[in-house]
Amino acid sequence: MKIFLANPRGFCAGVKRAINIVNIALKAWGKPIYVNHEIVHNTYITNYLKSKGVIFNEKIRSIPLGSILIFSAHGVPKSLRNEAIKRKLRIIDATCPLVKKVHKEVSQASNLGFEAILIGTLKHPEVEGTLGQYDYDQGKIYLIESVKDVSKLKVNNPNKLMFMTQTTLSLEQIHPIIIALRKKYPNIISPKKPDICYATINRQIAVKEISKISDAIIIIGSKHSSNSNQLMKLGRKTGKYTALINSKNEIDTNYLSNNIQSIGVSAGASTPNIIIKQVIKRLSKIKKTTIQEISGIKENITFNLPKELKNIKFK
Ligand code: 0O3
Ligand code: SF4
């Protein structure tokens, strides 16, 4: 069996930065370090950090006064930041700068007295953080997930409207929604640059590439990782068997014992390399395999650490 490895796959710059921030904080201040939500949606990473003394906690009121609190890569609503300030927590913000870009668009809409429409997934932490940038004294922000939602939408002033999107959706998925929005509200203002980030787009292109040459596809990532789910959906759309697995233990060996000659492997932006390697090793044990790395878009984006981590002294 041939294994085709998608390129790029796995960690993006925002995830690397967020994990780096937690590791630096642990080194500088020791345990415990609090993180408001899973730093990124990956169980291996969260379990590793828990073992080092990180406490993942969604409720600010139960964090001891004065503790260090890191905001996850997905970002937080303004109300949560304010609650943390009130509790005198020392905040370190690991929100990805590309999620922050969307936050700024929402704040700008709100400051200019425009209403905002966010295309995103209900209850996802990034979406909650982005919705929470809007100041409701100024108007309203609406969450939509589909073309149907556009038809049901009623805004106060169709001439003062902006839209934005969650960073991990797919361009294909949002395209018809944006068309419907522009048809209904011809004066709606779009983001200057797309909100779906470079890492999401590149990983989706790579999965499309491997789907052309593979009999089946495996995406490695958590079930609650939005960008990993998008990769799985793309694979399924091609009609190929596509599984989203968290680790080597979830490989469907029965399925692979069928006449599968080639398998495409990719991983979401929050999946560590070690898990990808373990999956490949397990696949190679099930059948005799050759591995081919597919050439793809080169990524050389890195993000600076937040200001709170400049000039820190290590313990
Ligand atoms: O947003 P998503 O569920 O994809 O989050 P992950 O899996 O932790 O991946 C990182 C992406 C992110 C922080 C938001 O853009
Ligand atoms: Fe940032 Fe994109 Fe990675 Fe999300 S997927 S953390 S927006 S680089």
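Contact here means heavy atoms within 4.5 Å, and helices (H or I, at least four residues) and strands (E, at least two) are DSSP runs, numbered from the N terminus. This is a predicted model, in which local features need pLDDT of at least 70, side-chain atom pairs count only at pLDDT 80 or more, and totals for chains, interfaces and linings use all residues. Side-chain values use heavy atoms, with hydrogens and water left out, while residues are numbered from 1 along each chain as its sequence is written.

- Buried residues (under 20% relative accessible area, with exposed being over 50% and partly exposed in between, using a 1.4 Å probe and protein chains only) in α4 are Val 99, Val 102, His 103, Glu 105, Val 106, Ser 107, Ala 109 and Ser 110.
- The cover over these buried residues includes α3 (78-86), β6 (115-119), α5 (125-131), β7 (141-144) and β8 (161-165).
- Just after α4 comes Gly 113, with a positive phi of about 75 degrees.

- Thr 130 sits in α5 and counts as buried because its relative accessibility is 1%.
- Leaving out residues up to four places away in sequence, Thr 130 touches Val 102, His 103, Val 106, Leu 118 and Ile 141.
- Glu 128 is also found in α5, but at 41% relative accessibility Glu 128 counts as partly exposed.
- The C-alpha atoms of Glu 128 and His 74 are separated by 9.2 Å, although the two residues are 54 apart along the chain.

**Where α8 meets α9**

- The axes of α8 (residues 198-213) and α9 (residues 226-237) come within 9 Å and cross at roughly 30 degrees; axes are lines fitted to C-alpha atoms, for helices over the stretch in contact, and angles run from 0 to 180 degrees between N-to-C directions.
- That angle makes α8 roughly parallel to α9, a label for angles under 35 degrees.
- On the α8 side, the contact is made by Arg 203, Gln 204, Val 207 and Lys 208, and on the α9 side by Gln 230, Leu 231, Leu 234 and Gly 235.

Notes: Chains are lettered from A and ligands numbered from 1 in the order in which they are written. Angles under 35 degrees count as roughly parallel, over 145 as roughly antiparallel, 65 to 115 as roughly perpendicular and the rest as oblique.
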